[in-house]
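Dear colleague,

I am passing on to you the structure shown below, together with a short account of what was found in it. Please read the account with the structure open beside it.

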Amino acid sequence: MRVVVLGAGYAGLTLARRLESRLPDAADLVVVDESDTHLVQHELHRVVRHPDVADAITVPLNEVLNRATVRTARVERVDRESQRVHLSDGVLDYDYAAICLGAETAFYDLPGVAEHGLPLKRLDHARDVRDATLDACAADGRAVVGGAGLSGVQVAGELAALADDRGAALDVTLLEREDAVAPTFPESFQTAVRDALEANGVTVRTGARVTSASADAVEIDGESHPYDAFVWTGGIRGPDATGGERPVVQRDLRLDDHTFAVGDAARVVDADGEAVPASAAAAIREARVVATNVDRLVRAAQTDADGFEPRLDPFRFDAPGWIASVGDDAVATVGPKVFTGASARAMKATVGAGHLSSIGAVSRAADLVTEELG
């Protein structure tokens, strides 16, 4: 009996660690990821301003996984019919699999955007954004961030703060095609985030539709907006292994009887019929439910339970709140209440440190708190 976890991001690592302690001893657990480290991605924007944060937010998988076999390879295709995964270094058969490959940046075939817009999904991306921003600071130039979801909000705040640290007159503009920043989040959160951005010197333009980009300008509904640094966080698509699609999964998070999809790799509709936002909080909660369900399926298969499938837990998403950093400030919501300033910064530090602690990276959790609040 083999269980395969594809991807070691928030969903994949949370799922794998739970399965390590739950699965019967006879079950084989394999984790596949292109990298041999786990990245705390919601803190990636910090690396743009503070490169040393990279050490705190990258965790070697062999430090936090004990029972699982870690295979460092790229997942190229999942053949669900034959229950086989095609990898860059071979194939891997499975009895049960969970696709936890996260999402990639979507450029929507906008001319020039993929060629000139810097994404922010990996450490190398953060370093590229930093280099471009420092060059723009040296010229007292312009930085443009396309897309005002949480990633765009946070990187725009970091660019403005980096310029302030350098004493540079950098003009930072954040573009969003919808009518509000953080458009999928509650209105009170949107308002507080926009206020924090503007207080940090970021020009916010909503209802601004990027149509193309060149090496030195972004076109916004026919208007040319020059830039010296251009960051694109305008949307997400599925991983290459699923053809760029994010398949829909519902209450039990299954694509079929043997394959689950968890986290940003899927569009999740929970047991109450609510669309679940792509976020670390959702991915971690989904993984906990899938761990329980996979364990039940494996045990039922091993005991040959007269062909009866065990009852699977449904997934319901109930977010306690939302949080985003904006330079040295932060905005957090807990229920209907909105927090900013020191209390929100403390909450932000706690979220990242809490995740690191939950995966066994306690020393890195302490380092991250020091970086966040220092």
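**Cavity and pocket**

The structure holds one cavity of 30 Å³ or more. Please bear in mind throughout that this is a predicted model. The space in this largest cavity comes to about 50 Å³. Its lining is made up of Arg-246, Gly-263, Asp-264, Ala-266, Val-268, Val-276, Pro-277, Ala-278, Ser-279, Ala-282, Ala-283 and Glu-286. Helix α9 provides the largest share of that lining, with three residues.

Two helices, α2 (45-49) and α11 (362-373), each supply at least two residues of the lining. The most comes from α11, which gives three residues.

Six strands form an open sheet with mixed pairing, in the order β5-β2-β1-β9-β21-β20. The edges are taken by β5 (69-72) and β20 (254-256); each has a single partner strand, so one side of each is left without a neighbour in the sheet. On average, neighbouring strands of this sheet are turned by 20° against each other, direction ignored.

Within the sheet, strand β9 (residues 96-99) and strand β21 (residues 259-261) run parallel and are joined by three bridges. Ala-98 stands opposite Phe-260 in β21. Helix α9 (residues 280-303) packs on the sheet, where it touches β1 (2-6), β9, β20 and β21. The direction of α9 makes about 175° with that of β21.

Strands β6 (residues 75-79) and β7 (residues 84-87) pair in the antiparallel sense over four bridges. Asp-79 in this pair stands opposite Arg-84 in β7. Together, β6 and β7 form a hairpin with four residues between them. In the turn, Gln-83 has a positive phi of about 55°.

There is also an open sheet of three strands, in the order β14-β15-β16, with antiparallel pairing. Its edge strands are β14 (210-213) and β16 (223-226), each with a single partner strand, so one side of each is left without a neighbour in the sheet. Neighbouring strands here are turned by 30° against each other on average, direction ignored. Strand β15 (residues 217-220) is joined to β16 by four bridges, and the two run antiparallel. Ala-217 stands opposite Pro-226 in β16.

**Nonpolar cores**

Which residues of the largest nonpolar core touch the most other members? Of its 110 residues, they are Leu-15, Leu-19, Val-32, Leu-159, Leu-174 and Leu-197. Helix α9, already described as packing on the six-stranded sheet, gives the most to this core, with 10 residues.

Apart from its neighbours within four places in sequence, Leu-197 is in contact with Val-153, Ala-156, Gly-157, Leu-174, Val-181, Val-202, Val-204 and Val-326.

With kind regards

Conventions: Residues are numbered from 1 along each chain as its sequence is written. This is a predicted model: local features need pLDDT of at least 70, side-chain atom pairs count only at pLDDT 80 or more; totals for chains, interfaces and linings use all residues. Side-chain values use heavy atoms; hydrogens and water are left out. Two strands pair if DSSP finds at least two bridges between them. Axes are lines fitted to C-alpha atoms, for helices over the stretch in contact, and angles run from 0 to 180 degrees between N-to-C directions. Contact means heavy atoms within 4.5 Å. A nonpolar core is a set of buried Ala, Val, Leu, Ile, Met, Phe, Trp, Tyr and Cys residues joined through side-chain atoms within 4.5 Å. Buried means under 20% relative accessible area, exposed over 50%, partly exposed in between (1.4 Å probe, protein chains only). On a 1 Å grid over the protein atoms alone, a cavity is a set of points where a 1.4 Å probe fits but cannot get out, and a pocket is an open set with protein on both sides within 12 Å along at least five of seven lines; lining residues have an atom within 4 Å of a point. Grid points are joined across faces, edges and corners, and a volume is the space filled by probe spheres set on the points.
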